[in-house]
Amino acid sequence: MLKNNPPIKYLALDIDELHDNERVKQRSQFLRGTLNASLETVESASIAESDTLLTKFHGIYQQDDRDQRKTRRQRKLEPDYQFMVRIRIPGGVVNKSQWQKLDFLSRRYANRGLRITTRQTIQLHGVQKWHLRDVLQGLKQVGLDTIAACGDDSRGIVCGINPDHSAIHRQVYQIAQDTSDRLIPKTHAYKEVWYQKPADTDSTNEEPVYGPLYLPRKFKVGFVIPPVNDIDVFAQDVGFIAVIKNNQLEGFNVCVGGGMGQLDSRDDSYPRLASEIGFVPTADAAKLAEIIMTIQRDYGDRIDRHQARFKYTIDRLGINWFINELTARYGKALRASRKYRFTQNHDLIGWHKTDREHWQVTFNIDNGRISNALQDQFQALIQDLTGAIRLTPNQNLQLINIPDFAKTTLENRIEDFGLSALINVADQSAYSMSCVALPTCGLAMAEAERYMPDFLTRFENLKTAHDLSATPITLRVTGCPNGCARPYLGEIALTGRAKDLYNLYLGGSPRGDRLAVCYQQNVNENEIFKTLDMLLSLYKTERLKNEAFGDYLVRSQTLKTPQSSQQSLPIQEM
Amino acid sequence: MQSITDDIFSKSQWQELNTLLAKLSHEQSLWLSGYLAASIKNPLPESTTAPVSKLVIAYGTETGNSRALAEKLHQQLPSQLKTSVTDLADLKVAELTKFSHLLIITSTHGDGDPPETAEDFYNALMQSEKPLTNLNYSVLALGDSTYTHFCVTGRNIDEQFTKLGAQQLTPRVECDVDFEEPAAKWIAEVSQKLSTQQTDPAASAPEQRLSTEFKHNHEITKSAPLTASVLDNIILSDPKSAMPTHHIELDIPAGIFDLAPGDSVGVLAENPPEQIRLVLDILGFSGDENITVGGEAISLLDGLKSQFDLNHCSIKFLERLTEDPAANSGLDKSAVRSYLKQHHLTDILRKFAHQTALSPQDLVNHLRPLQPRLYDVANVIDSQTTALHLCVKRYKYTMNGQQFAGVASTYLADAAVGDPIHIYPHKNKRFHLPDSQTAPLILVADGTGIAPFRAFIEQIAAGKRQNPCWLLFREARYKEDFLYQTDWQSHLTRRHLNKLDVHFYKDQPELTLFNYFATNPDILSGWLNAGAHLYLSGDKTFLTWLETELEHYIQKHLLMGSEWQSLKQQKRLHKNLY
């Protein structure tokens, strides 16, 4: 690292030297592009290629049914183009009418129900171009939108908290909302394109913070209250860990530069755990997030898109440089980090009483997919709901804000609608996540969501064979190395390489604070199970009391811990 | 120096030559060098490999890298080589014998699979046993060495070509994810090798060679049809649909047909075997019986297969079967016709055949001859074309509560690759492109009516005409039934098609195709004023209705009172309805 040279300010470079995407953003007039024309084009159900980049900033991804690609090509038809619409739900809480609208829109315009994501939101798949405006205008009726759910901007903010749990939880949740409002793009383009509002002629600079080029890549912010690390805070670009003292929210420990995505074909590509840099008082959290984002805006790599993630900016310029730059922009140094402790990164499934003497009930949703019969069951259950609905970062669904008197009725209704099995989960599926992958995700190289049920059955059988069925093990499966289900934090993770082939990662912790190690490359299901069989048998005989599988693998030195995870937090005592 | 001359001259020749040259003046030497150069009429090519007659660059790609490299290679090759670039998805193994040179750039997808779009070509090539001894080729293989089966698609293609006897032009190059440098090297090698090749003079003068072949056209008739084998039979619409639309390609010799866009071919179909069996069973015949047709003795089975209509009963036959139709069926003459319209031949045979003695010869004497069916040609047939395209909807109809299959459409839709189909040319003079090369064209198609328009626009794309085109197309569903969608997209991009409107009546039952005229009044009136020709092709009922609506609209709303009259008088209204 040439620390003596001044760091490159990519924004100061000539636009022609930057990545193609930067020019698309620049020419787009704050995300308008040629979207209106694209939506009118009749010869194709797709939109112009440059517009596909811009719709991401509007929360919309152009995809196609990859299962159909080949036969459609032979049939002289274009791919079965369709759109994934990701809603912006910072903190993941929706009220009853919002849920019902989402349910309605998914049945009318989408094709695979509702998909809860790892960033606590809902995705609709299979929306046709001709219906995009209908969907977005429908969402507007209940106060929802899709701004910045994808794209080179601050993505939907996650907040691993039931705001109804206590006053402090409510406070942290509110700060997450404020931070979201502060960080999302402000362009009027969204209203013009999707709501067909007249152009806003006043605004000359529609993006005072972002500017016309927005960010070099996506930027993820999350809030968490220990001891539950359900958002996997160390996978965030900026993570805020709440510090509570004497029943007061004092502020947050701040960690920066986490990120999962990697490319198997590049050596300079790796997942990274966020580094803790200090403590910020409550009042400054949103402001600090914005300052950190502007540093990334100015110094993130805008030539090599793969190196554009914030984690690489920090590693390229050094964490000390970053802290100095932050101090300069913030006007003061951060205080020292406070002590805290995470005990788990999975959800508490089932009924739990909150500090406010309310109830919450969490349903384990396999891979976050609510479709077919399950969608009907929830539609019925939610009809009479008095509380709210919270989507968890583990792709589960939680009903919150349930007063004591309403509990019995709700319990009965859960029973009546056949949903009890989802709240009595001691089984492995509650600790398992997958991304969507095939057939709609353009990046997927192998199956994930569609493969998970089969894999899980075989894995549960294996656990039973080793008498480990009551021991949870974090399992994550993704269709590519990009990391949507945060695989590099799993105790066991599969990342897709090709049809039926995966890289096998092992040794993450059940607290989301240690990176897994690539144990085997390009292995098929039988090879994976051969390995797991061998390791589970060692684990069963050699484990300490309550020692998790990932922790055992590291302690027993079954895994060689690579350099990148040595920066992580020390393994905590159980 | 010595080593080179050794190969060409004997030692004594070289000495003599040097002695002579030493005596020449500077002027004499100069003259001699020119004389020698001019007197050699057929200089030998520097390389001994075959001349380039047809050079194709084909790519197989998932990410676009192979395509980009193919285009780069194309630019670097000498322009006189007349190279074409194609996606492996569009290449058929059967075509390879027509190429002299093939340069393949392909990635390997995932762990050892060909790119999805190249799968068909790859699988067909791997199974092929057809020798390719006249083919010169080279392979650039892209891959990712973190996978076990690195570059295996390119490697397998290379090895298969060698096995089939093709000549390797330059050795295969395998590239990892940082492919730029080795790829550039391969491109340079291939370009260098090819720039020293001769072009085949025969390839540059195809018109001359083919003009003599055109005389065959009039010899292909209904009674002496051409046997064309099926190259491809693709279901364009939803394969689950009861009456799907097929795209059928037939192998034809280049230059044999004189067919203009808008013309059709007659197809001599055969009755489906189960239909023949049914008739034989009802009458208690085996099919081996001898009959005489047109003075020729054939078996009953062969006769029923291709010569006679097994669906429609003639009045003559009904009379023969019942002796007195009016008395036996209790109907008058016009009612007999409507009776025959509602009853299938097999129904009538079942009902009446047992009342009378019917010999096999009696049967065929009374059956109607099986009529050929006309299908519009869906591509341009010029002197180079070796495939004839048809767009065929598998037709089914119900008669008296029973479902029957249309003979010709079923025959074509069921045809497998390699099956022989008998065809002859048929002119549709009134449905040709206008004489004017610039008059605008308004093309209205319903369903398979799109076929002739595909040929029209292909003709415009060939660069011989400048007619602006507005295509209006109607089908059932956007997602499944947008016939030839990718063709229209590329014609729009290249501006060979100027405006496309589509109506899918199952998606938008509240609209009709007419709405697209009504929402574009300026274009419609402007184009008509500019002398536009209006073409209607496809379903008779729908398009006749549309024609009436349009006539009314043009007169009453566009206030172009006499326009419709002049459209007809000037023969600017063309109809192809069925």
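In which sense, left-handed or right-handed, does α4(B) pass α7(B)? The views below are taken from a predicted model.

**View 1. Helices α4 and α7 of chain B pack against each other.** The crossing of α4(B) and α7(B) is right-handed. Helix α4 covers residues 65–76 and helix α7 covers residues 180–195. Their axes lie 10 Å apart and meet at an angle of about 35 degrees. From α4(B), the residues B:L69, B:K72, B:L73 and B:Q76 face B:A183, B:I187, B:V190 and B:S191 of α7(B). Sorted by class, this contact comprises 5 nonpolar, 2 polar and 1 charged residues.

**View 2. An open sheet of chain A contains 5 strands.** The strand order is β6-β7-β8-β9-β10, and the pairing is mixed. Strands β6 (158–159) and β10 (275–281) stand at the edges with a single partner strand each, so one side of each has no neighbour in the sheet. β6(A) pairs with β7(A) (residues 221–224) in the parallel sense, over 2 bridges. A:C159 has A:F223 in β7(A) as its bridge partner.

**View 3. Helix α7 of chain A lies across strands of chain A.** This helix, residues 167–183, lies across β6, β7, β8 (238–245) and β9 (248–256). Relative to β7(A), α7(A) runs at about 175 degrees.

**View 4. Chain B and chain A are in contact.** The contact draws 29 residues from chain B and 22 residues from chain A. On the side of chain B that touches chain A, β7 (226–235), α19 (478–481), α20 (485–493) and β19 (499–504) each supply at least two residues. α20(B) gives the most to this side, with 6 residues. The residues of this side of chain B comprise 13 nonpolar, 8 polar and 8 charged.

Terms used: Residues numbered from 1 in each chain as written. Chains lettered and ligands numbered in written order. Predicted model: local features only at pLDDT ≥ 70, side-chain atom pairs only at ≥ 80, totals over all residues. Contact = placed C-beta atoms within 7 Å. Helix = DSSP H or I, 4+ residues; strand = E, 2+ residues; numbered from the N terminus. Nonpolar A, V, L, I, M, F, W, Y, C, P; charged D, E, K, R; others polar. Axes fitted to C-alpha atoms, helices over the stretch in contact; angles between N-to-C directions. Left-handed = near helix turned anticlockwise from the far one by under 90°. Pairing = 2+ DSSP bridges.
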